[in-house]
Amino acid sequence: MPSSSRRDFLRLTGVAGGGLAAFGGLPPFVAHADPERPARADIVPEAEATTLWYRQPADESRIIQEALPVGNGRMGALVGCDPADDFVYLTDGSFWTGGRNDTPTSDGQLPYGADDFGSFGLLAKLRVTLPAHTAQEISGYRRSLDLSNGVVSATYRHRGARFRREIYASHPDDVIVVRLTGGGTHTGAISLEGTHGETTSADGKQLSFAATLKNGLRYAASVTAVSSTGTIRAENGKLSFSGCRELLIAVCAGTDYAPDADKDFRDPSLVPLTVARAKTAAAAKVSGAALLATHVADYRRLYDRFSIDLGSSSTVQRSLDSWSRIAVRHTDASTPDPELEAAYVQYGRYLTITGSRDWLPMNLQGLWIHNNTPDWYADYHTDINVQMNYWLADPAGLGDNAEALARYCRSQLPVWTDVTRRLFNSPDNRFRNSSGNVAGWAIAFSTNIHGGSGWAWHPSGNAWLCATLWRHYEYSQDRAYLETIYPVLKGAAEFWKARLITTAVTDADGSSHEILVDDTSWSPEHGPDGRGNTYGQELAWELFREFAVAARTLGRDADLATELDATRARLHLPRVSPKSGWLEEWMSPDNLGETTHRHLSPLIGFFPGDRISVDTSPRELVDGVRALLTARGMDSFGWACAWRSLCWSRLKDAEKAYQLYLTVLRPSMNNGNGTSANWFDMYSQGSYTIFQIDANLGGPTAALEMILYSRPGVLELLPALPKAWSAKGSVTGIGARGGFTLDFSWRDGRATTVTVRSVGGTETELRAGKVRRKISLKPGASVRLDLS
């Protein structure tokens, strides 16, 4: 282990050294209910909660690897929990520079820079200092992220008294709360600063600032503090507090962004400073206990929908802090740690609950960022990353949180459509439609929140976004939701109807026939441009199927649905190369790219798609999938390992799927790929690493795929259960396509009992080993089966 990495490891393990509208499209602001709201909540006791914990505060110089995340789906924060000098790095999901970005570059693509495309950024920094609470003066320090209750906390002893601070982001109250309590008093200061040279002003017990970005986006932040004891006063641009037995700090920040293309994504009636000050002032009128109770009740309403038990860990494993535990699991590869591996699933759920509610979906970093220069601008990458961000939500009982992506697509659709019609067929665009026809909408490989696309055009990106939106419908069977995404599906289908071109192919017997292929495109993110790439063919096939089902379900566009059924039947579909034995990635028997490339673009019809299936496809085709997956290898970036794991699950190779899951969980050391101390997934850039959230969500999805493989018409229990989890386990509330949720248990690798509940589905087949049971349910009904 390199010396610098060893020092980081030892320090963290404690071995070494001692018109008020809501921001970003939230519902309208409503004043608080009675300040005497009930102060108790059904909080999961510490001994029963699933937690990440550490013996040291986060080092601010390593904030992205060590600080713990909180969020309410709009605001996010990274918190350090240093008793003497604490930090809160604050974001708002709509704090973006840039704009529509609809002036093409000389090669017909779309600009991709901080000044034109724009970037997600850090809005503010909050500091809370208690000068007397230095490391030399405290003992018994413990920092934790309580996944069961949605709270970050730190506890320690100072001069004989026990102190506690808790930090969380409340969705109901729309504030971030920092609450200091304990057996002694608190004396120190609070400061608030922006990241673009703003001037912070003090007014009574409130600090705030407001400003406008170059793109016209107005924003503001405010913080207030209250205590029933001691004194609080503004001085020297800070809030000073003295002798406070309990101190409640409420923070709010936001912008005037609105998810409305007709208003240029702004709400002119919204004054961010007024809203921020009003929300912090309202929170300050409520007791700390009551604020916590409200937050926990709201958070647990989502969190408690699902549970997972993969078996018991040892007493020694439980005694390790969370960073040590990750490291030990990696170095002792032969000893499973089932509770750790289940906690990683719950951590992904925590990030989904705290990072995806309301209007804006999670970008490359979710809501958690530490500067204004993130790699790839922390954008919405449309060739795997934003899609993977939403693979976990439905199977993990968080379908409501998946709808942020649909709301985003609906809000962006008018601009995407306009820009496509004006610019996609530019003669300089190497991916233009050679027929000259254009319809519907398309996007580039990157998108922002202002309707803008950046980098190269991505003709298949619309179909992959639609497949992700459709995935939520498959789980929910929610007709009202289908109505909302129908215009998105239809526009993408119209684009592909105009894009496909006819070409003749010669069969093995020498005869020829005409097929439809994708026009010139790229197989992300490698190889030469070409026509008929597997990636585009599979996505077009899936899109036409989705649209036809949606149209018939809603009773719309019957003629178009029929036409696209016929078009889908004429699509070229990939074959197995006679040279390599792999499923072809290009319309060629030759491999034209990198054998071990991170992307699995040619396997998109296998996962997340269903066109190719172990159960129903010709063996030659499945063998071609396996051969290509084998060639890609068992190591890569976190998100790429998660995708590989999911594909091996579909192939029912439990041990390879599990091995790749553990690869996602390996510790990131010496700027390598893997999991950091705070369990963020780190993406290696050689000399440094960046946080990229997709693996934190794709990895847990892989774990659930090993336990349940659901597809239209079939629910298969334990399709790829690894030996490490086989002794005994259970899951409750796991979502299944077709409109069902399941609770089931297993012992010695075999399912014992299962309860199937309908959330809209009516007919399916349950499979568990050799068991096959047809199930018919009315929506809302359930059935329990004994499989032992």
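Tutor: This is a predicted model: local features need pLDDT of at least 70, side-chain atom pairs count only at pLDDT 80 or more, and totals for chains, interfaces and linings use all residues. Residues are numbered from 1 along each chain as its sequence is written, and side-chain values use heavy atoms, with hydrogens and water left out.

Student: Which element gives the most to the lining of the largest pocket?

Tutor: On a 1 Å grid over the protein atoms alone, a pocket is an open set of points with protein on both sides within 12 Å along at least five of seven lines, a cavity is a set where a 1.4 Å probe fits but cannot get out, and lining residues have an atom within 4 Å of a point. The lining of the largest pocket counts 26 residues, with Glu48, Ala49, Thr50, Thr51 and Glu339 nearest the centre. Two or more lining residues come from each of β1 (51-54), β17 (307-309), α6 (322-331) and α7, where helices (H or I, at least four residues) and strands (E, at least two) are DSSP runs numbered from the N terminus. The largest share, 5 residues, is from α7.

Student: What is the volume of the largest cavity?

Tutor: Its lining has 20 residues, among them Ala467, Glu542 and Glu546, and α10 (461-476) and α12 (534-554) each supply at least two. A volume is the space filled by probe spheres set on the grid points, which are joined across faces, edges and corners. For the largest cavity this is about 230 Å³.

Student: How is α4 oriented to α7?

Tutor: Axes are lines fitted to C-alpha atoms, for helices over the stretch in contact, and angles run from 0 to 180 degrees between N-to-C directions. Helix α4 (residues 288-303) and helix α7 (residues 338-355) have axes 10 Å apart at an angle of about 125 degrees. Therefore α4 is oblique to α7, given that under 35 degrees counts as roughly parallel, over 145 as roughly antiparallel, 65 to 115 as roughly perpendicular and the rest as oblique.

Student: Which residues of α17 meet α16?

Tutor: The axes of helix α16 (residues 654-665) and helix α17 (residues 694-707) come within 10 Å and cross at roughly 155 degrees. That angle makes α16 roughly antiparallel to α17. Contact means heavy atoms within 4.5 Å. From α16, Ala657, Tyr658, Tyr661 and Val664 take part, and they meet α17 at Ala695, Gly699, Pro700, Ala703 and Met706.
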